[in-house]
Amino acid sequence: MSVPAPYYLGLSAVLFTLGMAGVLVRRSALIVFMSVELMLNAVNLTLVTFARLRGAVDGQVLVFFVLVVAAVEVVIGLAIIVDIFRSRDTVDVDDVDLLRG
Amino acid sequence: MTWADLSLIAPELALAAAACAALLQDAWATGPALESRSRGPAAAWIALGGVCAALLLLGVRPAGAAQVGFAGMYVRDGITRVVDLAALAAAGLGVMLSPPYLERFRLPAGEYHALLLLSTAGAMLMGASRNLVLLFLGLEMLSFPLYVLAALARRSRRSQEAGLKYLLLGAFATAFFVYGVALVYGASGTADLSRLGRAPDVPLLHAGVAFLVIGLGFEAALVPFHAWAPDVYEGAPMPATAFMSVIAKVGAFAGLLRLFPQALPQLAPAWGQMLAAIAVATMILGNLAALAQSNVKRLLAYSGVAHAGYILIGIASGGPAGSSAVLYYLLVYVAMNLGAFGVLLLLERRGEEADRVEDLAGLLGRAPWAAVVLAACMVSLAGLPPTAGFIAKLYLFRAALQDHRVALALVGALTSVVSVYYYLRVASVALSAGAADAVAVRHSRFAGVGLALAAAGVLWLGIVPGAITALVQQAVQALR
């Protein structure tokens, strides 16, 4: 017996919300970044579910694009975070606050 | 993928090839050293060559019926043409205005130009998208290079911070955008924008569209998704700020044009109100916040927020009038904003960027032409005749009135009056006597030509708008 589709959609909505909460409340740039990845993977689950529901593959193809984009995002993000760590010895987003006004 | 498909994206391919060439040239000139040593103008010439090649490829294609390629994902029509023109103008001016700055502040020229070209190609893809997948890829191709450009001055803490803030908030907005794509796909069973018009009007579709607006609204810096703009504009190296201030708007509004007036006309009653509310909030907040700024980069950041609000008037009004006004405004905005930033790029205060308003004092005495160009761009940003900003706002407000959105036109006109104060304050400081002695003006023939082109665009589009008006009206004919 398979799990019905609305459960998958509900799960992905919950994961997306968890990721969103993580971005808003966590202070380490790395954890914030992981939370964004969680949001993107929640989206992937939604896409696969809809593709399966409709019996079409284009939703599954879109998942590959999202995966690639997420990987590129990690590359750029980690590069910037490493630069910040080298000059400040911290990746706490609250300590990165020169620009205000 | 066929040869016909490839010839369709020839301008984008030219930009990508030039980006690779700029990177290779950089690697060649640097040799085994760790840090890039290529400071000469070679990368700038390569980038300029790429932009000119793309413009030529754009020009040789007959402006006839729309051509579709890549299995219906990519469309080259009138809107694509104007968006490409705006993006290429931004790239060309961005390349021409930055060499003196890159040399003075020792930024890696090869990387700067390669990223700039790739970002331009992303904006062009957004303007040509006929599928949500391509719109998503274009958005990412536009914004990833901009994150790196914001953090390009690797040793500068402010630049790093700008890069991190832009990246984290941008990635957050991206997640909303793809969730929107997934929900729209789930509601309509297709990601094809040309088939969304027949999608059933279910709540899931509206939720998806709301998420798409968050993603595009972030890139365009619409209230309430504008929080990143002032900090990123201030912290990023100034050539990067100048370029991102225009290319992000070109891409985001091209995406909104593809989405609202074109793909979802059946949702116009529901979405017109929503977009109009965002436009009103954006115009009011952007202009009021700009009043209090003493840093020119922050001032131009809030001015960019305000202008995003004006352009959104055209999207909210919809139809051919609104869409053609948006396209016209994008072209004008590229010229006037890059003109203003181009003058700031020539200045330097004791080894730092001269980004305070008082640094501009006495500019007329030392660089009269730069001061005049800055004043003309400020007058145009404020929307006063005889400059292009006036005509562009006129088209937008006329589109709003035609769609019976009197409040929108009224708020636009009133906030424009408020904006005259802070724009003319900058212009009057630049045209005043007395000099800030710590500020040096660098002269560069390359940047001079760029400034002349920007100023010519501002005046030409303002005094004889006929040719370009005809171009943008022809571009939106398919919407009728």
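1. Angles between axes are classed as roughly parallel under 35 degrees, roughly antiparallel over 145, roughly perpendicular from 65 to 115, and oblique for the rest. The model is predicted: local features need pLDDT of at least 70 and side-chain atom pairs count only at pLDDT 80 or more, while totals for chains, interfaces and linings use all residues. Residues are numbered from 1 along each chain as its sequence is written, chains are lettered from A and ligands numbered from 1 in the order in which they are written, and side-chain values use heavy atoms, with hydrogens and water left out.

2. In chain B, helix α14 (residues 319-345) and helix α16 (residues 368-382) have axes that cross at roughly 140 degrees and come within 9 Å. The axes are lines fitted to C-alpha atoms, for helices over the stretch in contact, with angles from 0 to 180 degrees between N-to-C directions; helices are DSSP runs (H or I, at least four residues) and strands likewise (E, at least two), numbered from the N terminus. α14(B) and α16(B) are therefore oblique to each other.

3. Which residues make this contact (heavy atoms within 4.5 Å) between α14(B) and α16(B)? On α14(B) they are B:Tyr333, B:Met336, B:Asn337, B:Gly339, B:Ala340 and B:Val343. On α16(B) they are B:Ala370, B:Val373, B:Leu374, B:Cys377, B:Met378, B:Ser380 and B:Leu381. The set comprises 10 nonpolar residues, 3 polar and no charged, where Ala, Val, Leu, Ile, Met, Phe, Trp, Tyr, Cys and Pro count as nonpolar, Asp, Glu, Lys and Arg as charged, and the others, Gly among them, as polar.

4. Between the chains, 40 residues of chain B are in contact with 43 residues of chain A. About 3700 Å² is buried between chain B and chain A, 74% of it on carbon and sulfur atoms (accessible area, 1.4 Å probe, lost by two parts on being put together, summed over both). B:Glu161, B:Tyr179 and B:Tyr185 lose the most area in chain B, together 18% of what that side buries.

5. The rule finds 1 salt bridge across this interface of chain B and chain A (side-chain nitrogen of Lys or Arg within 4 Å of a carboxyl oxygen of Asp or Glu). A:Asp83 forms a salt bridge with B:Arg154, with the closest N and O atoms 2.9 Å apart.

6. Most peptide bonds are trans, and most residues other than glycine have a negative phi. The bond from B:Val223 to B:Pro224 is cis, with omega near 5 degrees; B:Pro224 lies in the loop between α9 (203-220) and α10 (228-235) of chain B. The bond from B:Pro385 to B:Pro386 is also cis, with omega near 5 degrees, and B:Pro386 lies in the loop between α16 and α17 (388-402) of chain B.

Notes
Contact = heavy atoms within 4.5 Å.
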